[in-house]
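Trainee: I would like to learn how to read the features of a model one at a time. Could we take the general idea and then the case at hand?

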Amino acid sequence: PRPIFLTRHGESLYNVRGRIGGDTAISEAGELYAKKLANFVEKRLKNEKAASIWTSTLQRTILTASPIAGFPKIQWRALDEINSGVCDGMTYEEIKKNMPEEYESRKKDKLRYRYPRGESYLDVIQRLEPVIIELERQRAPVVVVSHQAVLRALYAYFADRPLKEVPHIETPLHTIIEIQMGVTGVQEKRYKLM
Ligand code: G3H
């Protein structure tokens, strides 16, 4: 059985400032996580010559994967974070204060809410379809370094969680989720590296 490893990027400079979206680099803590992740992956996959590392096209995932040596890296646009449209770069406080109606509608229906000029969780789920098809076809392990909203959607798919739970699934930073698909169903392990 081939495992899939899911992880968010290491802490980004926007994470530190509580801002959503953007395309910032990673913090010192994020860099430390990148090293620990590389260590973990190189040990776990040392006999898996066909394994690969998939990132988004955003700096924070590419930087997080960069210390990993010995495996091909593939960038997917479809793994980019949910597009928060006009709210990109804002804090949740700022959205609440400056766009209270938007804040409230998202709170009411986070799955269907679409940011003005951006995406909803449903949009993200839809654009992930080609990624999921490729993941299902892989015979070797894949390490997916992506973002919170995207990983919630991928995790829900593999762990068979209902759609309405997707926007609320816990996906902490600096933690690897290993998913094993066997004949008896899906097995999951979590490694909190920091
Ligand atoms: O920057 C966006 C966040 O990673 C997504 O989190 O959907 O809970 O606001 P949220």
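Trainee: In which loop is Arg-19 found?

Mentor: Before the answer, two conventions. This is a predicted model, in which local features need pLDDT of at least 70 and side-chain atom pairs count only at pLDDT 80 or more, whereas totals for chains, interfaces and linings use all residues. Residues are numbered from 1 along each chain as its sequence is written. Helices (H or I, at least four residues) and strands (E, at least two) are DSSP runs, numbered from the N terminus. On that basis, Arg-19 is found in the loop between helix H1 (13-17) and helix H2 (28-44).

Trainee: Why does Arg-19 count as partly exposed?

Mentor: A residue is buried if 20 or more other C-beta atoms, placed from the backbone, lie within 10 Å of its own, exposed if 12 or fewer, and partly exposed in between. Arg-19 counts as partly exposed because it has 19 C-beta neighbours inside 10 Å. Leaving aside neighbours within four places in sequence, Arg-19 is in contact with Tyr-14, Gly-89, Met-90 and Thr-91. Of these, Met-90 is 71 residues from Arg-19 in sequence, yet their C-alpha atoms are 5.2 Å apart in space.

Trainee: How many bridges join strand E5 to E6?

Mentor: Eight bridges join E5 (residues 175-182) to E6, and the two run antiparallel. A hairpin connects E5 to E6 through two residues, and among the bridge partners are Gln-180 with Gln-187 and Ile-176 with Tyr-191. E5 is also joined to E1 by five bridges, again antiparallel, and there Leu-6 stands opposite Ile-177.

Trainee: Which residues have the most contacts inside the largest nonpolar core?

Mentor: A nonpolar core is a set of buried Ala, Val, Leu, Ile, Met, Phe, Trp, Tyr and Cys residues joined through C-beta atoms within 7 Å. The largest one has 36 residues, and those with the most contacts inside it are Leu-6, Val-143, Val-144 and Ala-153. Helix H8 (148-159) is among the elements that each supply at least two residues of this core, and its six residues are the largest share. Not counting residues up to four places away in sequence, Val-143 touches Phe-5, Val-41, Ile-53 and Trp-54.

Trainee: Which residues surround the ligand?

Mentor: A residue is near a molecule if its C-beta atom, placed from the backbone, lies within 6 Å of it. By that criterion the ligand is surrounded by Ile-20, Gly-21, Glu-81, Ile-82, His-147, Gln-148, Ala-149 and Pro-167.

Trainee: Is Asp-160 buried or exposed?

Mentor: Asp-160 is exposed, because 8 other C-beta atoms lie within 10 Å. Asp-160 lies in the loop between H8 and E5, and although it is not a glycine, it has a positive phi of about 60°.

Notes. Pairing = 2+ DSSP bridges. Contact = placed C-beta atoms within 7 Å.
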